[in-house]
Amino acid sequence: MAIDFELHLQEGFDGETVVIEVDGVEIARVEARTRMQTGLAHIEKLRLKPGQTVVVRLPDLSLSAEHRVVAGRPFIQVTLKNGALRIEATETTPGYL
């Protein structure tokens with residue numbers, strides 16, 4: 001059964017093209033730019049099943065990170081720091097100003 005998830009692109013984005021894939025299929029392509037006041041660049045709403053794989057790619061920087069979907073952790077947070085993508089899932093809604 002599919003569940004609603006949110007993928008939050010957060011700190012470190014400065015206009016990069018971000019490609020979001022689920023199980024190898026591109027589902028979104030956005031230009032992400034973090035708002036310094038809030039620490040948020042973009043939120044992508046997803047309908048996923050536990051066990052599916054979400055991949056976030058920055059093709060222009062040859063970076064990617066992978067996350068396996070887990071029930072009970074519907075908020076997937078992605079940051080770009082020191083030339084690396086980091087993905088972490090949480091059960092609580094991220095807070096922004």
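1. In the predicted model, E6 has K45 as its bridge partner in β4, and L9 is likewise partnered by H42 of β4. Strand β4 (residues 42-48) is joined to β1 by seven bridges, and the two run antiparallel; strands here are DSSP runs (E, at least two residues, with helices being H or I runs of at least four), numbered from the N terminus, and two strands are taken to pair if DSSP finds at least two bridges between them.

2. A word on conventions: residues are numbered from 1 along each chain as its sequence is written. Because the model is predicted, local features need pLDDT of at least 70 and side-chain atom pairs count only at pLDDT 80 or more, whereas totals for chains, interfaces and linings use all residues, and side-chain values use heavy atoms, with hydrogens and water left out.

3. Strand β1 also pairs with strand β7 (residues 75-81), to which four bridges join it in a parallel arrangement, and in this pairing L7 stands opposite I76 of β7. Five of the seven residues of β1 (residues 3-9) are buried, so that the strand is mostly covered; buried means under 20% relative accessible area, exposed over 50%, and partly exposed in between, with a 1.4 Å probe and protein chains only.

4. These strands belong to an open sheet of four, ordered β4-β1-β7-β8, in which the pairing is mixed. The edges are taken by β4 and β8 (84-90), each with a single partner strand, so one side of each has no neighbour in the sheet. From one strand to the next the twist averages 20°, the axes being lines fitted to C-alpha atoms (for helices over the stretch in contact) and the angles running from 0 to 180 degrees between N-to-C directions.

5. A further open sheet of four strands has the order β3-β2-β5-β6 and antiparallel pairing. Its edge strands are β3 (25-33) and β6 (63-68), and each has a single partner strand, so one side of each is left without a neighbour in the sheet. Neighbouring strands of this sheet are turned by 20° against each other on average, with direction ignored. Within the sheet, four bridges join β2 (residues 14-22) to β5 (residues 53-58), which run antiparallel, and the bridge partner of I20 in β5 is V56.

6. Which residues of the largest nonpolar core touch the most other members? They are L7, L9, F13, V18 and L85, in a core of 24 residues, where a nonpolar core is a set of buried Ala, Val, Leu, Ile, Met, Phe, Trp, Tyr and Cys residues joined through side-chain atoms within 4.5 Å. At least two residues of this core come from each of β1, β2, β3, β4, β5, β6, β7 and β8. Apart from neighbours within four places in sequence, F13 has contacts that include V18, A32, L58, V78 and L85, contact meaning heavy atoms within 4.5 Å.

7. The loop between β1 and β2 holds Q10, and this residue is buried, with a relative accessible area of 9%. The side chain of Q10 makes a polar contact with that of Q77 at 3.2 Å; such a contact is a pair of N or O atoms within 3.5 Å, where within protein one must be able to donate a hydrogen and the other to accept it, and residues adjacent in sequence count only if both atoms are side-chain atoms. Leaving aside neighbours within four places in sequence, the contacts of Q10 include T34, G39, L40, P94 and Y96.

8. The count of salt bridges comes to seven, each being a side-chain nitrogen of Lys or Arg within 4 Å of a carboxyl oxygen of Asp or Glu. One of them joins D4 to R47, with the closest N and O atoms 2.9 Å apart; D4 lies in β1 and R47 in β4, so the pair ties together parts that are 43 residues apart in sequence. D4 is exposed at 53% relative accessibility, and R47 is exposed at 54%.

9. R57 and E21 also meet in a salt bridge (2.9 Å, N to O), and since R57 lies in β5 and E21 in β2, this pair ties together parts 36 residues apart in sequence. Here R57 is partly exposed at 26%, whereas E21 is buried at 15%.
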